[in-house]
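Student: Could you take me through one part of this protein closely, and show me how that part sits within the whole?

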Amino acid sequence: MSITWNKSRPAQNLVPTFTYKLADDPSLSVVGLRVEYPPNGSTPPHRHGTASVIGYVISGFVLSAMNDGEAKVYKAGESWYEAPGCWHRISDNNSETEPAVLHATFVVKTAVLEAEGPEVLVKIDDEYLEGAMEQMGRKQ
């Protein structure tokens, strides 16, 4: 089944939760990001650059698919790992009536984070960028 992103769906809300340099290896930083999906909320296809990412569902049901893998629904308490360079092609709230929340924890090179800022953590695919800006504009 092919699932594609639709800019008419509501956008997620991103809330930074923490940023720390690792004490035993300050060349690496760990960054937390809370992703809040309204009912039927959706995130455009994106990558996380050189970061390793762990997604953990706090509440609700999140539909997720990486690279060419099958889409999977994760429920509260479940998690997944995204390797550096992974293409997160689907990241959606799987419910049209209830919100969903996940927490993403990134491990990224400190020099990259300091040089490029937190924007380096979520890079929307170029062909979806204009639609994503429209989607985010409707949140305001």
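Tutor: Before we look at charge, we need a convention: Lys and Arg count as positive and Asp and Glu as negative, while His and the chain ends are not counted. In this predicted model, the protein has 12 positive and 18 negative side chains, and the centres of these two sets lie 2 Å apart. With that in place, let us turn to V112, which is found in helix α1, covering residues 110–116. That helix belongs to a protein with two helices and 11 strands, and the order of its elements from the N terminus is β-β-β-β-β-β-β-β-β-β-α-β-α. If we set aside the neighbours within four places in sequence, V112 is in contact with T50, G117 and V120, where contact means heavy atoms within 4.5 Å. Along the sequence, V112 and A51 are 61 residues apart, and yet their C-alpha atoms are 9.5 Å apart in space. For the protein as a whole, among contacts with a separation of 6 or more, 70% are between residues 24 or more positions apart. Stepping back to the overall form, a compact globule of 140 residues would have a radius of gyration near 14 Å, and the 15 Å of the protein agrees with this. The C-alpha atoms fill a box of roughly 45 × 35 × 30 Å along the principal axes, and 40% of the 140 residues count as buried. Finally, the accessible surface comes to about 7800 Å², of which 56% belongs to carbon and sulfur atoms.

Methods:
Residues numbered from 1 in each chain as written. Predicted model: local features only at pLDDT ≥ 70, side-chain atom pairs only at ≥ 80, totals over all residues. Heavy atoms only, no water. Helix = DSSP H or I, 4+ residues; strand = E, 2+ residues; numbered from the N terminus. Rg over C-alpha atoms; globule rule 2.2 N^0.38 Å. Buried < 20%, exposed > 50% of the residue type's maximum accessible area, 1.4 Å probe, protein only. Areas by Shrake-Rupley, 256 points an atom, 1.4 Å probe, with all protein chains shown as cover. Charge placed at Lys NZ, Arg CZ, Asp CG, Glu CD.
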